[in-house]
Amino acid sequence: VKIGALDSLIEVVRLLPNSETGMLEMAAKAFRQHSNYAFAKETILKLGDVGQLISLHMENHRWDEAFQLSNMHPEYAAQIYLPWAEWLAFNDRFDDALDAYKKANRPDLSLQMIEKLTHNAVVERRFKDAANYFWRLALEMVSAPPPPDIGPEEALRRNEALTQNFWDLGEEQTSTTPTPTLFLWNILASSGFAAQPVQNLLAQVQGGPEAE
């Protein structure tokens, strides 16, 4: 479909009965391929396809419309949060992205993002940010179920590697090293971590980095 033909196509769409779903689907696809949001929306509304309309809103970053529609149709809410989280992360809105990953029921992606943020802060020697991220990562790992594809030994190895990475750089600026946070992280990296009930671990860390 040429760009100049889109006006003619929408006129055809307006004449088609709602029962002509095949033709309407083809028209909606053409409008979306040519990034004509208004014509695509009109066609999808005629189809009555709520899921496709939400998808159209998302691909055009019209998140308010997507969430407004999901409020009226909660069964579609889950499909919004993961793309929303990825868009937030792409636009450096990391805290919002972490919350969106949780709402998308993807705590694994939330943990991956915190690990990346922590690593970047350590490498860039932003020790205050690193301390905050380590603290948040520790609390996330305490409350989250273990990843199904990672055994206890691999989880321990990863935790110890992250801790050592922070220690190696922290030794260069010991005055800014957040000891309580490292203490907490050592709890998570210890061999006894897996054996401790979540309630006990939460009781140990609930004071935050400044508790000591």
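Author: Contact means heavy atoms within 4.5 Å. Helices are DSSP runs (H or I, at least four residues), numbered from the N terminus. This is a predicted model: local features need pLDDT of at least 70, side-chain atom pairs count only at pLDDT 80 or more, and totals for chains, interfaces and linings use all residues. Residues are numbered from 1 along each chain as its sequence is written, and side-chain values use heavy atoms, with hydrogens and water left out.

Reader: Which residues in α5 meet α6?

Author: W63, A66, F67 and S70 in α5 do. On the α6 side, they meet I80, Y81, P83, W84 and W87. By class, this contact has 8 nonpolar residues, 1 polar and no charged. Nonpolar covers Ala, Val, Leu, Ile, Met, Phe, Trp, Tyr, Cys and Pro; charged covers Asp, Glu, Lys and Arg; the others, Gly among them, are polar.

Reader: How do the axes of α5 and α6 cross?

Author: Two packed helices are described by the angle between their axes and the distance between the axes. Here the axes come within 11 Å and cross at roughly 160°. That makes α5 roughly antiparallel to α6 (angles over 145 degrees, on a scale from 0 to 180 between N-to-C directions).

Reader: Which residues of α6 are buried?

Author: An α-helix has 3.6 residues a turn, so residues three or four places apart point the same way. In α6 (residues 78–90), I80, Y81, W84, A85, L88 and A89 are buried (under 20% relative accessible area, 1.4 Å probe, protein chains only). Seen down the axis of α6, they fall within an arc of 155°, so they line one face of the helix.

Reader: What covers the buried residues of α6?

Author: The cover includes α4 (50–59), α5 (63–72), α7 (94–103) and α8 (107–123).

Note on methods:
Buried means under 20% relative accessible area, exposed over 50%, partly exposed in between (1.4 Å probe, protein chains only). Helices (H or I, at least four residues) and strands (E, at least two) are DSSP runs, numbered from the N terminus. The arc is that of the directions from the helix axis to the C-beta atoms. Angles under 35 degrees count as roughly parallel, over 145 as roughly antiparallel, 65 to 115 as roughly perpendicular and the rest as oblique.
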